[in-house]
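Hi everyone, thanks for making time for this one. I'd like to walk you through a single chain, so let me put it up on the screen.

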Amino acid sequence: MTAFSREFKKFINRGNVFDMAVGVIVGSAFTAIVTALTNNILKPLTNWIILMIFGVDSLAESYTFLNKVLAEDGSIDLEQSIYIDWGAFINAIFQFIIIAFVLFCILKAVNNLREEIAEARSKRFTREQKKELRENGIKPRNREAAKAYFETKAAKLKVEEEARAALERAQNPSSEELLKLILCEMRAARGAKTPSAE
């Protein structure tokens with residue numbers, strides 16, 4: 001039982017569980033706000049616009065009835081009738097667009113923050129780099145001197161690499177380079193023979 005409780009405690013203490021719980025709570029609260037906004041503000045406005053477009057006096061006339069049930073007084077009984085509520089449909093579209101836009105903004109902000117954190121971490125020196133800086137008399141806190149040192153080192157390494165590649169090419173020429181060399185030798189030999197023959 002103690003192993004189970006330790007494992008459960010470890011699971012609960014993970015940061016992701018708390019982040020997820022906070023996300024669920026904030027998401028529920030946000031959904032309630034969006035639902036209130038769409039149901040109490042946008043839906044009445046949408047229904048009013050539909051009434052204005054179709055020029056009808058009552059909201060019941062703006063519905064598309066599939067099965068109309070009349071009450072005893074002759075009015076339409078909306079609870080018993082089957083109808084398409086265009087205002088509710090448009091309201092759901094508004095709700096989706098608002099939630100999708102807010103989620104997009106949140107994800108974009110989180111991704112930007114992650115990129116900034118990764119960039120900041122990449123600018124930090126590793127233990128080996130700090131040790132190398134100290135061995136060369138540079139304090140790791142002196143960012144400008146450290147940056148100049150590593151840039152100079154990178155330039156030296158690039159020159160050495162280019163020299164090594166040129167030496168390797170000279171020792172192991174390609175077939176194209178060998179053909180060019182043979183052609184040059186043949187032209188030189190032909191040029192040396194021509195004046196003596198004359």
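Let's start with N91, which you'll find in helix α3, the stretch covering residues 86-123. Keep in mind as we go that this is a predicted model. Is N91 buried or exposed? Its relative accessible area is 4%, and because the cut-off for buried is under 20%, N91 counts as buried. So what does the side chain of N91 pair with? It makes a polar contact with the side chain of N39, at 2.9 Å. If we skip residues up to four places away in sequence, N91 touches T38, N39, L42 and K43.

Now hop over to T46, which sits in helix α2, residues 15-54. T46 is buried too, with a relative accessibility of 8%. Its side chain reaches a backbone atom, the oxygen of L42, at 2.7 Å. Setting aside neighbours within four places in sequence, T46 has contacts with G87, I90 and F94.

Let me zoom out for a moment. How many helices and strands does the protein chain have? There are six helices and two strands, and from the N terminus the order reads α-α-β-β-α-α-α-α. Of the 198 residues in the chain, 12% are buried.

Helix α4 spans residues 127-135 and helix α5 spans residues 143-171; they pack at an angle of about 95°, and their axes are 11 Å apart. The range of 65 to 115 degrees counts as roughly perpendicular, so that is how α4 lies relative to α5. Which residues meet there? From α4 we have Q129, E132 and L133, and from α5 we have A146, Y149, F150 and K153. Sorted by class, that contact holds four nonpolar residues, one polar and two charged.

Some of those names come back in the largest nonpolar core, which has five residues: F125, L133, I138, A146 and F150. Let's look at I138 in particular. Apart from its neighbours within four places in sequence, I138 is in contact with L133, A145, A146 and Y149. Among these, L133 and A146 are core members as well.

Notes: Residues are numbered from 1 along each chain as its sequence is written. This is a predicted model: local features need pLDDT of at least 70, side-chain atom pairs count only at pLDDT 80 or more; totals for chains, interfaces and linings use all residues. Side-chain values use heavy atoms; hydrogens and water are left out. Axes are lines fitted to C-alpha atoms, for helices over the stretch in contact, and angles run from 0 to 180 degrees between N-to-C directions. Helices (H or I, at least four residues) and strands (E, at least two) are DSSP runs, numbered from the N terminus. Angles under 35 degrees count as roughly parallel, over 145 as roughly antiparallel, 65 to 115 as roughly perpendicular and the rest as oblique. Contact means heavy atoms within 4.5 Å. Ala, Val, Leu, Ile, Met, Phe, Trp, Tyr, Cys and Pro count as nonpolar, Asp, Glu, Lys and Arg as charged, and the others, Gly among them, as polar. A nonpolar core is a set of buried Ala, Val, Leu, Ile, Met, Phe, Trp, Tyr and Cys residues joined through side-chain atoms within 4.5 Å. Buried means under 20% relative accessible area, exposed over 50%, partly exposed in between (1.4 Å probe, protein chains only). A polar contact is a pair of N or O atoms within 3.5 Å; within protein, one must be able to donate a hydrogen and the other to accept it, and residues adjacent in sequence count only if both atoms are side-chain atoms.
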